[in-house]
Amino acid sequence: YKGGDKALSAFVSANLQYPIQSREHKIEGDVHIRYDINHKGDVIETKIIGGLDDLCNEEAVRVVKMLKFTVPKTPR
């Protein structure tokens, strides 16, 4: 991710909208997602490998799909 881990963390913090119902039910923790990117640096596939409730999982996937990565060019 351009800017490294700090930039990635800042992006997630700026874009994540914690679901109100999850907060009301005191659901806290981390959602772990495996994702694939294409040659353009876009996230094309996601899979929850460790989640919370459906609302938190959906929000985490939404934010991950917004990510844009820098893909190094390989010589031809």
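Where in the chain does Tyr35 lie? Tyr35 sits in strand β1, which covers residues 32-37; helices (H or I, at least four residues) and strands (E, at least two) are DSSP runs, numbered from the N terminus. The model is predicted, with local features needing pLDDT of at least 70 and side-chain atom pairs counting only at pLDDT 80 or more, while totals for chains, interfaces and linings use all residues. Residues are numbered from 1 along each chain as its sequence is written, and side-chain values use heavy atoms, with hydrogens and water left out.

Now for the overall layout. The protein chain has three helices and two strands, and along the sequence they follow the pattern α-α-β-β-α. The C-alpha trace spans about 55 × 20 × 15 Å along its principal axes. Of the 76 residues, 22% count as buried; here buried means under 20% relative accessible area, exposed means over 50%, and partly exposed is in between (1.4 Å probe, protein chains only). Accessible areas come from the Shrake-Rupley method with a 1.4 Å probe, and for residues only the protein chains shown count as cover. Among contacts (heavy atoms within 4.5 Å) with a separation of 6 or more, 54% join residues 24 or more positions apart.

On to the aromatic rings. A search of the whole structure turns up three aromatic pairs. Rings of Phe, Tyr and Trp (its six-membered ring) pair if their centres lie within 6.5 Å; planes under 30 degrees apart count as stacked, over 60 as edge-to-face and the rest as tilted. Tyr1 and Phe11 make a tilted pair, at 6.1 Å centre to centre with 50 degrees between the planes. Tyr1 belongs to the segment before α1 (4-15) and Phe11 to helix α1 itself, so this pair ties together parts that are ten residues apart in sequence. Tyr1 is partly exposed, at 29% relative accessible area. Tyr1 also pairs with Phe69: the ring centres are 5.6 Å apart and the planes stand at 80 degrees, so this pair is edge-to-face. That pair links distant parts of the chain, since Phe69 lies in the segment after α3 (54-66), 68 residues from Tyr1. Phe69 is buried, at 12% relative accessibility. Ring pairs link Tyr1, Phe11, Tyr35 and Phe69 into a cluster.

At 32% relative accessibility, Tyr35 is partly exposed. Together with Ile37 and Val71, Tyr35 forms a nonpolar surface patch with about 210 Å² of accessible area. Patches are made of residues with over 30% relative accessible area and no salt bridge; like charges are joined within 9 Å, and nonpolar side chains (Val, Leu, Ile, Met, Phe, Trp, Tyr) within 5 Å.

What about the inside? The largest nonpolar core has nine residues, among them Phe11, Ile33, Val43, Leu67 and Phe69. Such a core is a set of buried Ala, Val, Leu, Ile, Met, Phe, Trp, Tyr and Cys residues joined through side-chain atoms within 4.5 Å. Helix α3 gives the most to this core, with four residues. Leaving aside residues up to four places away in sequence, Leu67 touches Tyr1, Leu8, Phe11, Gly41 and Val43.

Gly41 is found in the loop between β1 and β2 (43-50), and is buried at 0% relative accessible area. With residues up to four places away in sequence left out, Gly41 touches Leu67, Lys68, Phe69 and Val71.

Charged side chains come next. The count of salt bridges (a side-chain nitrogen of Lys or Arg within 4 Å of a carboxyl oxygen of Asp or Glu) comes to two. One joins Asp42 and Lys68, at 2.9 Å from N to O. Asp42 is in the loop between β1 and β2 and Lys68 in the segment after α3, so the bridge ties together parts that are 26 residues apart in sequence. Asp42 is partly exposed at 26%, and Lys68 is partly exposed at 42%. Glu59 bridges to Arg62, with the closest N and O atoms 2.7 Å apart. Glu59 and Arg62 are three residues apart in helix α3, separated by about one helical turn. Glu59 is buried at 10% relative accessible area, whereas Arg62 is partly exposed at 33%.
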